[in-house]
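Could you walk me through this structure in my viewer, stop by stop? I would like to know what to select next and what I will find there.

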2 protein chains.
Amino acid sequence: MERLTGLDASFLYLETDTQLLHVCALLILDPPADGTNYEFTALKEELGRRLHLIPSMRRRVHRVPFDLDHPVWVTDTGFDLDRHVRRLGLPSPGGPKELAELVGDIAAQPMDRDRPLWEMWVIEGLADDKVAVVSKYHHAAVDGVTGANMMAYLCDAEPGVRYPDPPAENHTESDEPNDLALAAEGLVRMPAKLGVVGMVPKTLGKLGGMVQRRRADKQGMALPFTAPRTPFNRTITRHRSVAFTTAPLADIKEIRAAFDVKINDVVLTVIAGALRQYLSEHDELPDTSLIASVPVSTHETSRHERGVNKVSTLFAQLYTDVEDPVERLRLIAEANVGAKEEHEVLGADFLQDWAEYAPPNTFRIAVRAYSSFKLAERHPVVHNLVISNVPGPQQPLYFLGHRIDSLFPFGPVFHGAGLNVTVLSANGDLDFGFIACRELVPDPDRMADAVHDSISALLKAAHAQR
Amino acid sequence: MERLTGLDASFLYLETDTQLLHVCALLILDPPADGTNYEFTALKEELGRRLHLIPSMRRRVHRVPFDLDHPVWVTDTGFDLDRHVRRLGLPSPGGPKELAELVGDIAAQPMDRDRPLWEMWVIEGLADDKVAVVSKYHHAAVDGVTGANMMAYLCDAEPGVRYPDPPAENHTESDEPNDLALAAEGLVRMPAKLGVVGMVPKTLGKLGGMVQRRRADKQGMALPFTAPRTPFNRTITRHRSVAFTTAPLADIKEIRAAFDVKINDVVLTVIAGALRQYLSEHDELPDTSLIASVPVSTHETSRHERGVNKVSTLFAQLYTDVEDPVERLRLIAEANVGAKEEHEVLGADFLQDWAEYAPPNTFRIAVRAYSSFKLAERHPVVHNLVISNVPGPQQPLYFLGHRIDSLFPFGPVFHGAGLNVTVLSANGDLDFGFIACRELVPDPDRMADAVHDSISALLKAAHAQR
C-alpha cells in the first residue's frame, strides 16, 4: 500500500467524461521482418511472464472514504490478464487511415478505475502482416520517465526472447487497507494540508517576477494567458482524432548542425511550421504567436521521492507569426535558453507542492464547472497546445519478441487546449503522434503531412547555408 | 423539447461505471448471399438518408440544473453521423468466438451522454465475407417496442433499397432550453411529486396481497427476494462476456403442439434447462428453483402517453430444481397463467408511477451505495437473471440494403443479477443472446451450447408423445 502523491492523484480528480487523462502509445510490430511468427496467445503469455517485474501493472487505486485524503495504491488480488489485453482487427485495406481511426476510438474510451490502470489492444489485419499494439495507461500511473522504465521490461535487444515462468505467486494475500484507518489518517493529516495557504504569496511573488522580467524585455518563458485563440482552444468533447508520421532523425541532425542549435529547438520549429501551415490552410492563422506547454521531467531535480509524475511545465513561444523558418528557428532557440533559466527560478517542485495540498474535491468541482460553463471559451487562452518531445532508445528494439517498426506517443488533451503533439526519437527516426478533440481538429493528418513540408523548408535552408 | 418520463430517466440515474444500462443488438449481414456488394461508406450514407425518419436518433439528453426535475430531450444541433457509426475488423479466423469477444468489449464501454444515445459498430473480416453490425442504444432512449419501430425504418423486404436524399435540413435551429426556466419548472412541480408518499401504502398493500395469495398456495407470480444464490448473483464489474446461438423455430413449435402450451412457455423451459445444465456442470445448482425477471411490455395497456419505456416485470419460477424437462414445461406453463393474472392486479403503470415521482438523486445515491457496500452479496437474492423473449418479424429482412442472417439481442445486467438472456424469434429462427458480467460468468458459450441439449430433450419427449 502506497499513497498517491497529489500530482499523481490530480490526474484522477481532473478526469471527466470528455477530458480523459490517459496516455496512449501505438507500436507497429513487424514479425515477418525478423523471422519470428506472431500469435496473439503467445504475445499475451510472454507479457504474463514479465508482469511481476512491473509492480505498477498489478496495482489499482483505492479511494479514501469521503476523499479525506489522496487515494492509495493496492495490489489487485483479482488480477486477470485477459481483462487488460484485448484483440481487434483492422478493416481493409488495413492502412494508416484505418489505423488512425481505430486508435482514435480506443483513445476516446474511459478506463476501468476498479482495475490496474492499463490496457493493451492488439490490432491484427495490417497490410504486410504487421501487427499494431495500442497501449493505454492512465496518467496517474505513468509519466514519460516511468513509462520508459516500464518499456524496458517489455522490450529486448533481439527477437524471440522468452522469459522464464515467474516465481510462484504470492499476490493472493491482500493488502486491502482498512477504510476506517485511512479516513482517520486523512483527518490527522488535515492541519498539515493548511500549508497550502502559505503557498499563495510564494506563488504570486514568483508570477509577479515573471511578468516584471517580461516587461523589462528580458528573454524568458512565454507568459500563460497571453496566447491567441485558435480552433482547438475550446471546450473538448469525448471524441478523438489521431494522426501519426515518421521522419528521419538524420534530417533533424543536419538542420541542427547547420544552424548550431539543439535538437529540441529544431523539433519545436518543425511543429511550429506545421501548425502555421495547417492554420493558414484553414484561414485561422492568428497575428500573434501560438504558445505551447512543454512538459519537463523533474525526476533528476525533484526533492520528492514518491510518485510517478515528476513533471513541471515550460511555456514556449512558437513564433508561428514568423514566416521565415530559419528566423523562427533562431527565435525559438534563443527563447528556450531564457525559458530554461526562468523555469529553474520557479522550482522543480512547484506543481507537485500545489497538487499535494489542494483538497481533492476542489479539483473535481473546478473541472466540472469549467466544462459545464464552457469557461474555455470565455477566458483568455492559457496555452494553445501541449508539445512533448521525448528522447527514446537509439538501437533496434523488440517488443515481447517482435521487431518494433515505429512507436507513436499520444498524450492527453484538455479543455481549452484540444491538441497534443508528442514526438519520440527512436532508432534513427522521429515518430510524431498527433491527437486532438475530433470536433475541433477533424483532420490532424493535414498537420502530419505539413511536418514534412516544414522539415523540407529547413533542410533547403541548411543546404543553402553550406 | 420533451421531458423524459421518470422510468426513462431512471436508466440514466441507475447507471454507473460498472452497471451500464444500454442494450445491444448483433446483426449478421450476408451481402454475398443476396448479390449486393458491401461497402462501409455506402452503408453509412444509406443510414444518413433514413435518419430524419427516426427523431430519437437525433436527440440528446439535457440535464435540468441541480437535477430539480427529470432531464429533457433536445435536438442535437451538432449532430455528426461519423461520431455514431464506427468501423472495426475481426481478428482471424473471424469466427463466432472472436466475434463474441469483440461484442463483449463493445458492450463494456460506457456511452457518450453529450450526444444522441446510440452507436453502430460495423465489423468487417468475418468468415465468408459476412459483415456484423453491433448497435448500441441507451435504455433511456429505447425499449423493446420502440426499438422494433426504429428497425422498421432501417430494414426493407428486399435487398439494395436506396432511400431518396432527405428533405433540406431544418435541424440547425436550436431547441436548446432555458436552464433557468427548467429549474423554475422543477420547483413548481415539486409539491406534485409528493404524490409518491401516497404510493407507499398502495404498494405495501399489493405486496401483502401477493404474499397472502402465495401462502394460500394459489398459483401465482414468484415472490422476489426468495431466489437462491448462484455465481451470477453478486456485485458486477464493468466487463462483459457474450455468447449467441440460433435454433429453428420449427422445433419450438413442435414442442408447443405436442404439450399444448405457449411458445413463451417452451422458450422459458429451454432456457431453464440450459441454466440447470450450466450450474450442474459448475457444481452450483441450488436446491430451489431460480427466479427470472421477465419484462412485459405495457405499450397496449399503459395510461401514460409519453416516454419510450413502457414496461413492467413478471417474476417467473424456472423450476430448475425439476430434472424432467416435460414436468418443468408443465409447471412453467401453469405458473405463467397465474402470473399473468397477478400482474394485472399490480397494474401496468406500477413501475412508471414509482419512477415518475422518486427524486433523481435518490436513485443515484442508492445505486452507488449498493455497489460500494456490495449489498448484492448481503441481502436475499431478488431474482437470478433477466430473461426477455421478443417476437420479431417472420419474413426475410434487409438491413440498410443487406440480408440479415441473424439478429442477436443483448440486454443490460445489474448488481445482484449479472446475467441476461434475450431471445428473438425472426424469420423462422430463434436467436439467443447471452450477456453477463465476465467475472461471474466467464463461459456463457457453455450456456449457449446447453440450449441445444435442452431443446433436444424436449423434442425427444415430444416425439415419444405421438
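**A tour from a hairpin to an aromatic pair**

Start by selecting Asn427(B), which takes a positive phi near 50° in the hairpin of β15(B) and β16(B), where 2 residues lie between the strands. Keep in mind that you are looking at a predicted model.

Strand β15 (residues 419-426) of chain B runs antiparallel to β16(B), and 8 bridges join them.

Now select strand β16 (residues 429-437) of chain B by itself. Of its 9 residues, 8 are buried, so the strand is largely enclosed by the rest of the structure.

Which strand do 9 bridges join to β16(B)? That is β9(B), and these two also run antiparallel. Follow Gly433(B) across to its bridge partner, Phe244(B).

Stay with Phe244(B), which is buried, as is Phe408(B). Show both side chains: the ring centres of Phe244(B) and Phe408(B) are 4.8 Å apart and the planes are at 35°, so the pair is tilted. Phe244(B) sits in strand β9 (residues 240-248) of chain B and Phe408(B) in strand β14 (residues 402-410) of chain B, so to speak a link between distant parts of the chain, 164 residues apart.

For the last stop, move to chain A. The whole structure holds 2 aromatic pairs over all chains. Here the rings of Phe244(A) and Phe408(A) have centres 4.8 Å apart and planes at 35°, which makes a tilted pair. Phe244(A) is buried at 17% relative accessible area, and Phe408(A) is buried at 3%.

Methods
Residues are numbered from 1 along each chain as its sequence is written. Chains are lettered from A and ligands numbered from 1 in the order in which they are written. This is a predicted model: local features need pLDDT of at least 70, side-chain atom pairs count only at pLDDT 80 or more; totals for chains, interfaces and linings use all residues. Side-chain values use heavy atoms; hydrogens and water are left out. Rings of Phe, Tyr and Trp (its six-membered ring) pair if their centres lie within 6.5 Å; planes under 30 degrees apart count as stacked, over 60 as edge-to-face and the rest as tilted. Buried means under 20% relative accessible area, exposed over 50%, partly exposed in between (1.4 Å probe, protein chains only). Helices (H or I, at least four residues) and strands (E, at least two) are DSSP runs, numbered from the N terminus. Two strands pair if DSSP finds at least two bridges between them.
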